[in-house]
Amino acid sequence: MILEQYQLGCLSISSYLVGDETTGKAVVVDPQRDIQIYLDTAKEKGLTIEQVILTHFHADYVSGHLELAKATGAEICFGPTAEAEFEIRNLSDNERIVLGDTVLEIWATPGHTPESISILLFEHADDSAPMSLLSGDAIFVGDVGRPDLLASIGFTAEELGRQLYDSTRRLCTLPSDTRVYPNHGAGSSCGKQLGSAPFTTIGEELRTNYALQPMEPDEFVALVTEGQNAAPNYFLHDAITNRKHHGVFDENRVVDVLTIDAAKVLAEAGAVVVDTRSPEDFAAGHLSGAINVDLDGRFAEQTGMVVGGDSDIIVAGAKGSGQEAMVRLGRIGFDNVVGSIDDYVSELEANPENRVTGERISVGALPPAGEVQLIDVRNPGETSLGFIADAHLIPLGALPNRTSELDPKQPTVIYCATGGRSSIAASWLRTQGFGDVVDVRGGYEEWSKEPADA
């Protein structure tokens, strides 16, 4: 059996290629949208990709099922209850897919979403137990899938949580040495405390996973829904897109290079300028109206928190950043990158009338409590360990939906953990009419080092 894992750190997703060496047949499970990596593996190992299997309709990325089907003619497969606009094959619970000596067995494991499945991998057709489990979003390293995402439209968190309880308990009947390969790792918003290891075992999770300890269904539902991150706005966009017959992504598309004047015309027509440089470089000078999302990080996810999926996007940053940004945004279904200002800094210097600065303050310059509108944009798991007195606790992913809680006329100070998310939030609030906004350099981590102020 051939089992290849592909980890995409910027979105915390893992996808898989499973192949049989004797027949050359292969399947790809939960692919990302830029599919060349799977095609390269198949060519290198002499495999033919016959099926693309999705463990569920993903909300945090647009999967590459349509791209692989077009490139290889592969059949697209989902769980028993899935419905889509394009042609799919619904796999049944306990159905076996025989590649040769390698066999995949489908288990319906609803809970994260209604149509969720997990896949047991048997190295030999007559093995009595699987070697590995592709668990989708049922079991992670140290966690389980959350049942409260918008991907599960029409179902309550309690309904899906009870299904997830049953599904995870079923999976835990597998032999303790069964390797578990999940769809997500640390940093994903599909759970609250995912580990970073690429795989685990059933036995390890039974020993250490908080959600797999003995408990009743009600306790399980309460435990796995408490303290979850706010789902980014783009999750709904992606959950819907993955069900639709949408356009096929071209990862080799060349992004048009724009001058600042051309970018301004597009911006005046509604395009959003995303400045991909560091917060410090952004604060030193940027195009008026730009939103700062550092390309060196969780760029697509964070852009999707504050920019709409149907918005035209102009990328501003280092030379070549437009191409990388286009691919990374395409992975979450944001296909409207209309151009890139490649010679950005030089253009700003040559057009100073278009350049504005952003204020960042040090922890020592924080105004006394009560004098400003203080916003903490960290996630619940972070703020549960401490926050600055009188701060509004509004995670970045929830900010666009909670601006009504804030006063745009008040001086506003924003902080996060180290200063990245706060720059995103501050720049976005300025585009929403907040006139006096600064963010805190170093964030809560720096503030917590000041004993006298803490």
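**View 1. A network of salt bridges links E280, R360, D439 and R441.** In this predicted model, the side chains of E280 and R360 meet in a salt bridge, with N and O 2.8 Å apart. The pair links distant parts of the chain, since E280 lies in helix α8 (residues 279-284) and R360 in strand β21 (residues 360-361), 80 residues apart. E280 is partly exposed, at 36% relative accessibility, whereas R360, with a relative accessible area of 12%, is buried.

**View 2. D275 and R277 form a salt bridge between their side chains.** The N to O distance in this pair is 2.9 Å, and the bridge is one of 22 salt bridges that the structure holds. D275 has a relative accessible area of 0% and is buried; R277, at 13% relative accessibility, also counts as buried because the cut-off for that word is under 20%.

**View 3. Strand β22 (residues 373-376) has buried side chains pointing two ways.** In a regular strand the side chains alternate between the two faces of the sheet. Here Q373 and I375 point one way, while L374 and D376 point the other way, and all of them are buried. Strand β22 pairs with strand β24 (residues 412-415) in the parallel sense over four bridges, and the bridge partner of Q373 in β24 is T412. Strand β22 also pairs in the parallel sense with strand β23 (residues 392-393), over two bridges, where D376 stands opposite L393.

**View 4. Six strands form an open sheet with mixed pairing.** Strands of a sheet pair through backbone hydrogen bonds, either parallel or antiparallel. In this sheet the strands follow the order β7-β8-β9-β10-β13-β14, and the edge strands, β7 (96-98) and β14 (200-201), each pair on one side only.

**View 5. E21, D101, E123 and D126 gather in a surface patch of negative charge.** Among these residues, E123 has its place in the loop between β9 (117-122) and β10 (132-136). With a relative accessible area of 31%, E123 is partly exposed.

Terms used: Residues are numbered from 1 along each chain as its sequence is written. This is a predicted model: local features need pLDDT of at least 70, side-chain atom pairs count only at pLDDT 80 or more; totals for chains, interfaces and linings use all residues. Side-chain values use heavy atoms; hydrogens and water are left out. Patches are made of residues with over 30% relative accessible area and no salt bridge: like charges are joined within 9 Å, nonpolar side chains (Val, Leu, Ile, Met, Phe, Trp, Tyr) within 5 Å. Accessible areas come from the Shrake-Rupley method with a 1.4 Å probe; for residues, only the protein chains shown count as cover. A salt bridge is a side-chain nitrogen of Lys or Arg within 4 Å of a carboxyl oxygen of Asp or Glu. Lys and Arg count as positive and Asp and Glu as negative; His and the chain ends are not counted. The place of a charge is taken as NZ of Lys, CZ of Arg, CG of Asp or CD of Glu. Buried means under 20% relative accessible area, exposed over 50%, partly exposed in between (1.4 Å probe, protein chains only). Two strands pair if DSSP finds at least two bridges between them.
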